[in-house]
Amino acid sequence: MTSRPPPNWRSLMFVPVLAERFIAKAHTRGADALILDLEDSIIPSKKAEARAAIAAAVPRVSQNGADVVVRINRPLELAVPDIEAAVMPGVSALMLPKVMGPEHVRLLAELVTERETQLGMEIGHTRFLVLIETTAALPHLFAIAAEPRMAGMSVGGEDMATDMGATPSADSMYVFAMHGLAACRAAGILPMGSMGQLAKIDDLDSYRAGLKRGRELGFTTASCIHPAHVPIINEEYGASDAELDRARRLLAAFEVAKANGEGAVAFEGSMVDLPIVIRAERLLARAASWKKTG
């Protein structure tokens, strides 16, 4: 299995796979990826029905170019049939909840490899997005992030706060979220998350503020449960035309400085050196794939 760069997703929106009214409109929401959910939004008696609905839902939700992710269940007796139903060429990644450590990831990776082999798929096609939602997993963040199928990781959330006995908030999750971000950067995968309200969905100003803080800290990607959040994520974790134009002009100015044997250049009132150049290059590289979903 060869190593591949992570996808350039800004926004991922959860879609309950059995909710026709959500499936029907999912492709119009502008999310970079859509998460067909087999976990929290599906009651136990409907799990089998939800698995059976995956194959038909994938082409519908992806018809405007969004990638498809499937969130599976944590208990192994549910995860095994979830993987069998979800691994297919049209599914880019599985979201793994409540991951405990690298051995947990490897176990699920073995099951995915077996399924890819059965279907004649490229081994490694199916990436992993991991949710770290328990305190027991915190010592293993860097090892989890380094697993070969990993594409992104998120640390924190309602489950983590509950496990800690804390009130879910940006403050209570800050330290753990930043450790997770560092692990993601070290492994070259997507640092997923924001620093806003975790469950409040109707305060859009607060939601935007959390994303702004998240971007300043280094997060690039966030998931959401409400369509109103998608354009806000795309704006805050994306870039405006003015930002992209400035990045291009900055790189051009730095190239002129390099040609003159200089390692830094004054640009629009600021001194630009290599770290700033790298950030501009990363922004332009990520933006190259955003146009497909708007």
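User: What covers the buried residues of H8?
Analyst: The cover includes S8 and helix H9 (230-236). One thing to keep in mind as we go: this is a predicted model.

User: Thanks. Which residues of H8 are buried?
Analyst: Tyr207, Gly210, Leu211 and Gly214 are buried in H8. Looking down the axis of H8, these buried residues fall within an arc of 100 degrees, so they line one face of the helix. An α-helix has 3.6 residues a turn, so residues three or four places apart point the same way.

User: And which residues are exposed on the other side of H8?
Analyst: Asp205 and Glu216 are exposed there.

User: How far apart are the end C-alpha atoms of H8?
Analyst: They are 20 Å apart. With 14 residues at 1.5 Å a residue, H8 should span 20 Å, so the two values agree.

User: What comes just after H8?
Analyst: Gly218 does, and it takes a positive phi of about 125 degrees.

User: Is Thr220 buried or exposed?
Analyst: Thr220 counts as buried, because its relative accessibility is 9%.

User: What is Thr220 in contact with?
Analyst: Setting aside neighbours within four places in sequence, Thr220 is in contact with Trp9, Arg10, Arg185, Leu190, Pro191, Tyr237 and Arg286.

User: How far is Thr220 from Glu255?
Analyst: Their C-alpha atoms are separated by 27 Å, and the two residues are 35 residues apart along the chain.

User: Changing topic to cysteines. How many disulfides are there?
Analyst: The structure holds 0 disulfides.

User: Now the strands. How many residues of S5 are buried?
Analyst: In strand S5 (residues 127-132), 6 of its 6 residues are buried. Arg127, Leu129 and Leu131 are on one side, while Phe128, Val130 and Ile132 are on the other, and both faces are covered.

User: Which strands are joined to S5?
Analyst: Strand S4 (residues 93-96) is joined to S5 by 4 bridges, and the two run parallel. The chain gets from S4 to S5 through helix H4 (residues 102-119), in a right-handed β-α-β crossover. Strand S6 (residues 150-155) is also parallel to S5, with 5 bridges between them.

User: Which residues stand opposite each other there?
Analyst: Ala93 stands opposite Arg127 in S5. Ile132 stands opposite Val155 in S6.

User: You mentioned H4. Which of its residues are buried?
Analyst: In H4 the buried residues are Pro102, His104, Val105, Leu108, Ala109, Val112, Arg115 and Glu116. They cover an arc of only 140 degrees around the axis, which puts them on the same side of H4. The face turned away from that buried side carries the exposed residues Glu103, Glu110, Thr117 and Gln118.

User: What covers the buried residues of H4?
Analyst: The cover includes helix H3 (76-86), S4, S5 and helix H5 (141-145).

User: And what follows H4?
Analyst: Gly120 follows H4, and its phi is positive, near 70 degrees.

User: Which residues other than glycine have a positive phi?
Analyst: Lys98 is one of them, with phi near 50 degrees. It sits in the loop between S4 and H4, and at 23% relative accessibility Lys98 counts as partly exposed. Glu268 also has a positive phi, near 50 degrees, and lies in the loop between strand S9 (265-267) and strand S10 (270-272).

User: Last one: where is Arg71, and what does it touch?
Analyst: Arg71 is in strand S3 (residues 67-71), and it is buried, with a relative accessible area of 8%. Not counting residues up to four places away in sequence, Arg71 touches several residues, among them Phe14, Asp37, Glu39, Asp40, Met95 and Leu131.

Terms used:
Residues numbered from 1 in each chain as written. Predicted model: local features only at pLDDT ≥ 70, side-chain atom pairs only at ≥ 80, totals over all residues. Heavy atoms only, no water. Buried < 20%, exposed > 50% of the residue type's maximum accessible area, 1.4 Å probe, protein only. Contact = heavy atoms within 4.5 Å. Disulfide = S-S within 2.5 Å. Pairing = 2+ DSSP bridges. Right-handed = clockwise from strand over helix to strand, strands pointing away. Expected span 1.5 Å × (residues − 1). Arc of directions from axis to C-beta.
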